[in-house]
Amino acid sequence: MLDPVADLLGVCVREALSRGEDTNSDNHDPTRAGTGPVVLEAGAGTGFYLASVLHAIGTDRGTDRGTEDPAPPLGIGTEISVAAARRLARADTDIAAIVADTWDQLPFADDSVDVVQVVFAPRNAAEFARVLAPGGSLVVAGPGPGHLEPLRTDAGMLTPDADRPDRLEAALADHFIPGSVRVVDTIVRVPDQIAVDLALMGPSGVHLERAEVEKRLGDADRDVRVHVELRTFHSRDDARDG
């Protein structure tokens, strides 16, 4: 269902890495020689998005750039749950899973990550800016105003705030400037029980009971809108340096 989001996230991260390479073309870090790009996903869940992005980067580096045996990309995913981190570690051989809370100091050195990606998860702007290397970027995926409709209305889910993009930019403003915005907007057919699971995910799950949601939705498959906005942000320090 969310494959289009994963695919577009891969495009955003590849563009961010290309921008970072251009920014640092005359200022290579010798300690990173021979290593591939490092992508950190905060709140990575089961690793679905991170694994997809690593595949996109690996394909790009091995085919589009025409290189032989390039250093593979490394994915690092953080999760607050030990059980979730175990699943995350199995998502891909090039993913390292770390148990960490996004709101605490992240267990990474300064300037050690090329891209930070966040998909429907909390954001710690100061920590993201600290761990990003010069030329690095932050990619944030979140719900558009029509996401999961009409399931959202039918199930009684919470409605995304209309001013969400403005609040996101304001929350990141001390450390990042906004870049590109890309949108996934498509309709997918969802089985009845998957629809119930979707309704109970995220903040809405705190307010809803499964039995009540099942009653409201019935047992028929349904069309659901996938409306997700992917926003890229760049470090303010890079903008000043440029």
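Two strands count as paired when DSSP finds at least two bridges between them, and I take strands (E, at least two residues) and helices (H or I, at least four) as DSSP runs numbered from the N terminus.

**Ground rules.** I am working with a predicted model, in which local features need pLDDT of at least 70, side-chain atom pairs count only at pLDDT 80 or more, and totals for chains, interfaces and linings use all residues. Residues are numbered from 1 along each chain as its sequence is written, and side-chain values use heavy atoms, with hydrogens and water left out.

**The sheet.** I traced an open sheet of seven strands with mixed pairing, in the order β3-β2-β1-β4-β5-β7-β6. At its edges I found β3 (95–99) and β6 (176–190), each pairing on one side only. I also looked up the twist, which averages 20 degrees from one strand to the next (axes are lines fitted to C-alpha atoms, and angles run from 0 to 180 degrees between N-to-C directions).

**Around β4.** I checked strand β4 (residues 113–119) for cover: seven of its seven residues are buried, meaning under 20% relative accessible area with a 1.4 Å probe, protein chains only. On one pairing, β1 (residues 38–42) runs parallel to β4 through three bridges, and L40 has V116 as its bridge partner in β4. On another, six bridges tie β4 to β5, again parallel; here I noted Q117 opposite V139 in β5.

**On to β7.** Next I followed β5 (residues 132–143) to β7 (residues 222–235): they run antiparallel and share seven bridges. L138 faces F233 in β7 across this pairing.

Key. Buried < 20%, exposed > 50% of the residue type's maximum accessible area, 1.4 Å probe, protein only.
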